[in-house]
Structure formats: structure tokens, C-alpha cells
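Hi everyone, thanks for coming.

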Protein chains: 2
Amino acid sequence: MRADTPIYLQVADDLARDIAHAEAGTALPSETELARERGVHRQTARAALEELERRYLVRREQGRRSLVARRLDYRIGPDTPPSWTETIRRAGATPTLRTESLGPRKPPSWVRERLAVGNDAMLLLLKRLRYVDGELAGCSDSWIVDELVRGLHQRLGDGGSLHLTFANYGLTPVRSWTRAEFVFATPGIARRLAVSGRPMVLQLNGQTDSARHRRPIELTTSWLRSDFFRVIYETTGDER
Amino acid sequence: MRADTPIYLQVADDLARDIAHAEAGTALPSETELARERGVHRQTARAALEELERRYLVRREQGRRSLVARRLDYRIGPDTPPSWTETIRRAGATPTLRTESLGPRKPPSWVRERLAVGNDAMLLLLKRLRYVDGELAGCSDSWIVDELVRGLHQRLGDGGSLHLTFANYGLTPVRSWTRAEFVFATPGIARRLAVSGRPMVLQLNGQTDSARHRRPIELTTSWLRSDFFRVIYETTGDER
DNA sequence: ATGAAAAAGTCGTCTAGACAAGTTTTGTGC
DNA sequence: GCACAAAACTTGTCTAGACGACTTTTTCAT
């Protein structure tokens, strides 16, 4: 039963067991060391470490050794708070935001439909990077109906929460639509996330309405690196 | 901008574009052919095809060429029907079940807690394989409180739906807890699913209560091959 | 025609070696 | 001690070739 498992998987499974209770950030043996320890070729040892990277158990970076990964629980469900900032805080980490760009732009058709605006309407496009404890963990595009939030540029600042800023305008934001799906990073998203390859990311779509005006305020798509988050969907007490 | 992308990724991205609208089951060039076409080594062409397999765009099997994959939408959310059979039907495919084993067994502690049974209680453990249009797509373990459903063995048959059978006993099953999470297949799960390696699977946990008795009937954990399903979580009109 | 055996095609895995590019460590001059 | 350059280490990618195992096709005897 051991013989029919490829060597690189045996090595990977062994390492996985070894680091199961290791602290995040602990260094693993280098490819060369691992190859010597197990008496295999470097490419075989390398395949084992790549397997652990695919399982999100280790983080790899060129020139550095593999490190034991840290993963946050990202909980989604009926009680999910509409704000990403809030979700990360609940998971016990510190969220930060950085604006990449903010300006008027012509929205694509699916955004126009969702936000119920005309064919040649212009909307604010806010592109941001999302950090967890200082590490780049995701990015997002927000399409904003700017006539409800004139002068957003000043009030939002660089790292401000969009939902808190809406509250400053006297708006009561409510999340009216949520969608979560795993997709593979496009070349553009991979570049923004500064990752190589085309890794899996959690794509979150959320629409926020103004309770008072009874109309949509914004539509945000976020892409979160799935090596940072373990996504759990949970409901309890569903009555049907 | 093209030069700094590794060749295997260029080939993979090109192929992904080519097969984007291809019919499921269409054959791709073999590793050797692809290597000759693109003037690269077989290992490089192979890396490209492996990349597409990781993205669930193609299905690979030893001895056969890579085939364009078919993927179903598996929708979860507040309106998710409690029955897997029903979920697959809604996605436009035919679900089948096959019993691997059914018998009394001592449940682990987390099951005892969830089902609120004593420390030395015995429960029925039902292990099943789940097929979609005849292809093995998942497996499941169900822990059943058998005093509510005496003689389940006969009434369930081989491919019967658990929820429909409960209805036969005059029970009104309601889903009281749902949890979905991506995990990597353990060696045991990989064997049951007849897949090589340790692929990602969607792990679904569901608890069913009897509306009349106001107590749990069963607890099911399913593991679904994620190359079969694209999981989408969606809510609309969340009022909060 | 049919069925079994042989051949060809194909994928899975492993070893071997090379070079590029990134990071860490070491050494040197000041 | 400090800054900077060089060396050592480490990972990313690619080529080359081999063998085993599985699948499909062809061949051949009946």
C-alpha cells in the first residue's frame, strides 16, 4: 500500500504530518537538503514541496525556503457582515486597505444592469489592494454611483472603509446581494496580487443598497488569495 | 510582457483560450504532439496540460489524451435543498447512489455531540458513492439514529434517497445545519473516489432533524470531486 | 468475422544536469 | 560599526532521456 504511492506523494504526506502542528513561519528543509535526506533527486523533493504548496500548507518564494503557511478562516453565510474589514477583524487579524486608483469610468454591461443605470452613465471605479496583517491578501474593484456620494475622494482617504464612509453621508448601507465562487486568477489579477502562475482565488461579489433611497450604491468584486483563507460556508437553524 | 511569463504558462493560457468554447469531451493534443507543435520539451508541454488540469479545464487519465472537462454548477445558499439528489437534478444532471456499506458502528465524539447521543451509543453508518450521469463524483458517510428508522436496510434499497426514505417513515426531515468547505482529499477519500494524488474536494456537512420529534435524525458528510463541480454561494435580498 | 496477441501510442514518474533569478550570508574597505 | 559588493544558497524553469503502466489500434491465427 506504500509502494503504489509515488515517492513525491509519500514525502509530501510525511512532511504534512510533520508540520501539522508547527507554528506558521517555520522553515522547511530546502529542496536540496530534502533530496539528500530522502535519497531522491531534487526534482522529486521539489514535487513534494509543490504538492504542499497546492494544499496551502506551505508558502514558497523564489530564493527563500518553504515556510509553514498561516491561514485564516473566512466565514460566509447568512450572517456574513457586509464589510470585508469587519470579516477580517472577526477572524482575529488586522485588515488594511490601499487605493490603487479612483476615477470615473464607463461600466461594463453587467454592472449597468445590476446598478440600474443608463447605457452611457459614468460611474466611479475604485480599485484597491487588501492587506491582512501587512501582507497582500486580495484586491477589489468597486463601481460606485457617485451622485449619492459627491466628493468621495476626500472623505474616503487612502485606507478608509467604504461602508463607514457611506455612513458619513447619512446613508444606511445594506448588503442586498452576495455571491462567492472560486475562480482562477486572470493574468491581470495575478499581477495585482503579485503572485506567479494562475492561483485559485475566492471571488466575492457584493452589492450594497441605500436603505433610505431604496436604490443601489455600489457593486464590489473582490479577489482573495485562497492560500490566505480557508473559506467556510455555514448556516445553523435553517427553518425552511 | 510575454517574455516574463514562463513558456508552460503561455502554452497553458493559449490552450485555455482555444478550448474555452469547446464541447466537453473534446480531445486535446497529446503531450508529445504539443511539444512538437510548440517546439518545446515534452516536460514543458506536460506542465502546461497539468496547469489546465489544476484549473479543472481538462480531465487527464493515464494512457488517454487530455479531454475537455465538463463542470456542473453546485449552488449552495440559504435556499439550498437539503437533498443532494435534488441539487444535482436542478443542475440538469442525473444523480445515482450506490451503497458501499451499512451497519452499526460506534460514532466519533463530534458526531455524538451533534446528534446528542450518549457516550456508548451505537449508530448506523451508511457509506455511499455518488454518481453524476454515471460518473463517480463523490462519496458520503451518514450517521443515522436508527431507533427512529427501524429496518432502514430494506426500505432504503441500494440507490434510494435518504430524505425520501425518511418521509416513508412519516418523518418530516428538516435541514438544521449546513457547512461547506474545500479540503484536500485524505488518502482514504482519494481511494474511494478513485482519483490519484490528493485533489481538492468540496466537503459538505449536513444535519437533518425530525420536525415532529424535535430531535436529530442523521448527520452526513459528503466529499465531492471539485473537478466536477463549480461551487457558487449566493444570497439575494439579505435584509439584516 | 472474431477474438486474442502484439504493437503503437500515451501518460506517470524519476533521474540528471544546466542556467537564470531571487535571497541571505559573508567579507571587505572605510 | 556601517555600507556596499561578492559569494553562497535557494528556488524557478527548461532540456534530455529513461522506464513502467495503461489504453488504443493493429495484426494475425482461427
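Let's start with chain B: α2(B) and α3(B) are roughly perpendicular to each other, a label for angles of 65 to 115 degrees. Before I go on, this is a predicted model, where local features need pLDDT of at least 70, side-chain atom pairs count only at pLDDT 80 or more, and totals for chains, interfaces and linings use all residues. Residues are numbered from 1 along each chain as its sequence is written, chains are lettered from A and ligands numbered from 1 in the order in which they are written, and side-chain values use heavy atoms, leaving out hydrogens and water.

So, which residues make the contact in chain B? From α2(B) we have Glu31(B), Leu34(B) and Ala35(B), and from α3(B) Arg42(B), Ala45(B), Arg46(B) and Leu49(B), where contact means heavy atoms within 4.5 Å. They divide into four nonpolar, no polar and three charged. As for geometry, helix α2 of chain B covers residues 31-38 and helix α3 covers residues 42-54, and their axes come within 8 Å and cross at roughly 110°.

Now over to chain A. Here helix α2 (residues 31-38) packs against helix α3 (residues 42-54) at about 110°, with the axes 8 Å apart. α2(A) and α3(A) are therefore roughly perpendicular too. On the α2(A) side you'll find Glu31(A), Leu34(A) and Ala35(A), which meet Arg42(A), Ala45(A), Arg46(A) and Leu49(A) in α3(A). Sorted by type, that contact has four nonpolar residues, no polar ones and three charged.

Key
Axes are lines fitted to C-alpha atoms, for helices over the stretch in contact, and angles run from 0 to 180 degrees between N-to-C directions. Helices (H or I, at least four residues) and strands (E, at least two) are DSSP runs, numbered from the N terminus. Angles under 35 degrees count as roughly parallel, over 145 as roughly antiparallel, 65 to 115 as roughly perpendicular and the rest as oblique. Ala, Val, Leu, Ile, Met, Phe, Trp, Tyr, Cys and Pro count as nonpolar, Asp, Glu, Lys and Arg as charged, and the others, Gly among them, as polar.
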